[in-house]
Amino acid sequence: MFTKVIAIGSALLAVTVTYALFRRKRVSPILLHELADRYSEGSDKVILDEMERGELTFISGRLIFDYVLDSRKIAVKTEFYFQNIKGEWIKKMHEEVLSSRVLTKEAISELADVQRVVFEIEAPKKTAPIVAY
């Protein structure tokens, strides 16, 4: 049972800005797993930001691609599941709709066939800071 659901706005800016590139015609269509990879950096940022505050522990997450029938659109949802220091569950999420032009024809066909593809979001691997001398 979740006690709180919070929509993320500016915290997912890194994710949304990445996809602004697809609005330009210069960017070539990509495969679905490549689109998922593009969300990885923004997802890692959201998770690390929450964990660095020391109030939440990341438990799991999902990246969901849904094919929107008759619209040539793809609904994208990121869900992040955390627990706070009291053990309460907190779900943070972001939703947006992309043009199917971001994907190759093969990727669109595959997504249309199954209607939904879900990727698990794993905790980011923290790297040590680079120290310059």
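Helices (H or I, at least four residues) and strands (E, at least two) are DSSP runs, numbered from the N terminus. The model is predicted: local features need pLDDT of at least 70, side-chain atom pairs count only at pLDDT 80 or more, and totals for chains, interfaces and linings use all residues. Residues are numbered from 1 along each chain as its sequence is written, and side-chain values use heavy atoms, with hydrogens and water left out.

**Figure 1. Secondary structure of the protein chain.** The protein chain contains three helices and five strands, arranged along the sequence in the pattern β-α-α-β-β-β-α-β. Of its 133 residues, 36% are buried. Here buried means under 20% relative accessible area, exposed over 50%, and partly exposed in between (1.4 Å probe, protein chains only).

**Figure 2. The largest nonpolar core.** A nonpolar core is a set of buried Ala, Val, Leu, Ile, Met, Phe, Trp, Tyr and Cys residues joined through side-chain atoms within 4.5 Å. The largest such core has 25 residues, of which Leu35, Phe65, Leu103 and Leu111 touch the most other members. At least two core residues come from each of helix H2 (32-52), strand S2 (56-68), S3, strand S4 (89-99), helix H3 (105-114) and strand S5 (116-121). The greatest contribution is that of H2, with six residues. In soluble globular proteins, nonpolar side chains tend to be buried together.

Figure 3. Glu79 pairs with Lys77, their closest N and O atoms being 3.8 Å apart. Lys77 is partly exposed, at 21% relative accessible area. Glu79 also forms a salt bridge with Lys91 (3.6 Å, N to O). Because Glu79 lies in strand S3 and Lys91 in strand S4, this pair ties together parts 12 residues apart in sequence. Both Glu79 and Lys91 are buried. Through shared partners, salt bridges join Arg62, Lys77, Glu79, Lys91 and Glu95 into one network.

Figure 4. The side chains of Lys45 and Asp49 form a salt bridge (2.9 Å, N to O). These residues are separated by about one helical turn, because they are four residues apart in helix H2. Lys45 is partly exposed at 39% relative accessibility, and Asp49 is partly exposed at 25%.

**Figure 5. Surroundings of Ala123.** Ala123 lies in the segment after S5 and is partly exposed, at 40% relative accessibility. Ala123 and Ile59 are 64 residues apart in sequence, with 7.9 Å between their C-alpha atoms.

Technical notes
Salt bridge = Lys/Arg side-chain N within 4 Å of Asp/Glu carboxyl O.
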